[in-house]
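Below is a short report on selected strands and their surroundings. Please keep the sequence and model in view while reading.

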Amino acid sequence: MQRCIKNTQWTQPLNCSGRKGIIYYIYKMKHFKYYNKKNVLNLTQLRRFETKLGERVQCIEDEKQWEKALLASSARYVICGIPEDIGVKANLGRGGAHSAWEPFLSSFLNIQSNDFLNGDDIMVLGHFNFDEIKRVIETNAHSRDESVDAYRHAVNLIDEEVEELVKLIILHKKVPVVIGGGHNNAYPLIKGAAKGLFKAGAIPLAQINAVNLDAHTDFLPMEGRHSGNSFRYADEDGYLQKYCVVGVHENYIPQNVWIDIVNNPFVDLITYEDIFLHGKRSFMQAVTDAIEFTQDTYTGIEMDLDAIDNILCSAITPSGVSHLHARQFINLVTRETKVAYLHICEGATEMEDGNANASTGKLISYLVADFIKALA
């Protein structure tokens with residue numbers, strides 16, 4: 001007897017042969033919350049004689065006309081959030097990646113709007129909310145295998161919505177700045193950006209490159225979508241032309257993944273150990289090499305916060321790059337590539353186990369500010 005996850009808002013079975021008989025459904029409604037100026041100002045601490053970014057950034061005032069407003073906007077950068085940890089859980093990781101978006105936004109909106117960074121060129125579009133999907137899975141799945149299978153199906157639904165939004169942002173000649181969320185969202189970002197740039201006539205094929213600062217390759221096998229295999233799916237599906245990951249920890253490269261990368265001329269990696277232990281090249285030289293490898297077309301800039309020392313995330317590391325290295329990475333790659341998008345992911349301010357660190361949001365705000373300044 002099959003058990004069905006039921007909800008009156010869901011329609012059309014996606015897969016009726018899931019593990020243990022769960023049936024998965026597609027939401028009829030979209031999961032994006034658009035921000036208006038009031039939403040933004042509620043997070044902005046106004047002070048006399050100062051002008052914060054929150055006072056200057058652009059927003060959508062009528063969500064029914066959001067695409068028209070986006071097209072008409074003078075903003076070059078469009079910030080949106082994907083506060084979810086479904087992809088991390090689908091990769092057997094610890095939940096918490098959903099928690100960084102609002103602390104980031106609160107910190108970012110309270111940066112000074114000045115000659116160094118002017119809010120007029122920025123739109124805060126809003127964020128995805130997949131909480132209901134997660135709640136239904138947690139309520140109805142009764143084993144670990146059942147949960148993992150359900151989370152992986154849910155990531156496919158997230159992929160579709162993220163891809164569509166990113167494609168439209170790029171078609172309207174804006175640069176997406178996306179704050180996650182799990183690294184599963186790299187796949188729809190690459191796919192959406194490639195399709196958008198191709199449709200806009202900017203590239204001859206729907207393919208882009210990616211440079212990633214990460215302790216892991218996220219090139220795991222195609223066993224169902226999760227946070228550890230975005231770049232494999234993008235590569236296999238033909239949307240990723242070249243991929244280089246900087247700072248990978250040798251201890252966390254599966255042998256089969258290592259062999260696949262060694263035998264793939266379009267994928268390269270530079271390990272943390274080669275940079276910081278063996279001294280084969282400096283950190284900045286490693287980043288420069290990654291830029292040279294991917295400079296022939298538009299490039300997605302990926303920053304997984306688990307590459308940084310002691311940043312709260314599912315795969316927290318005591319031995320990573322510094323905050324300064326992360327900022328230097330963003331600055332250099334942004335200046336020296338044809339940027340498709342910026343994606344910062346995996347960070348958390350509160351984990352499921354109760355671990356908390358409020359500074360993660362502020363670090364992300366520094367990285368986003370560095371990106372916009374470098375591209376301006």
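Which residue stands opposite Val175 in β6? Tyr77 does.

This is a predicted model, where local features need pLDDT of at least 70, side-chain atom pairs count only at pLDDT 80 or more, and totals for chains, interfaces and linings use all residues. Residues are numbered from 1 along each chain as its sequence is written, and side-chain values use heavy atoms, without hydrogens and water.

**Strand β6**

Strands are DSSP runs of E with at least two residues, and helices are runs of H or I with at least four, numbered from the N terminus. Six of the six residues of β6 (residues 175-180) are buried, so the strand is largely enclosed by the rest of the structure. Buried means under 20% relative accessible area (1.4 Å probe, protein chains only). Val175, Val177 and Ile179 cover one side; Pro176, Val178 and Gly180 lie on the other. Val177 has Leu342 as its bridge partner in β11.

Strand pairing requires at least two DSSP bridges between the strands.

| Strand pair | Sense | Bridges |
|---|---|---|
| β4 (residues 77-82) and β6 | parallel | six |
| β6 and β11 (residues 338-345) | parallel | three |
| β8 (residues 240-248) and β9 | parallel | five |

**Strand β9 and beyond**

Four of the five residues of β9 (residues 267-271) are buried, so this strand too is largely enclosed. Thr271 in β9 is the bridge partner of Val248.

Helix α11 (residues 272-276) holds Asp274. Asp274 counts as buried because its relative accessibility is 15%. Leaving out residues up to four places away in sequence, Asp274 touches Glu250, Gly279, Lys280 and Arg281; contact means heavy atoms within 4.5 Å.

Terms used:
Buried < 20%, exposed > 50% of the residue type's maximum accessible area, 1.4 Å probe, protein only.
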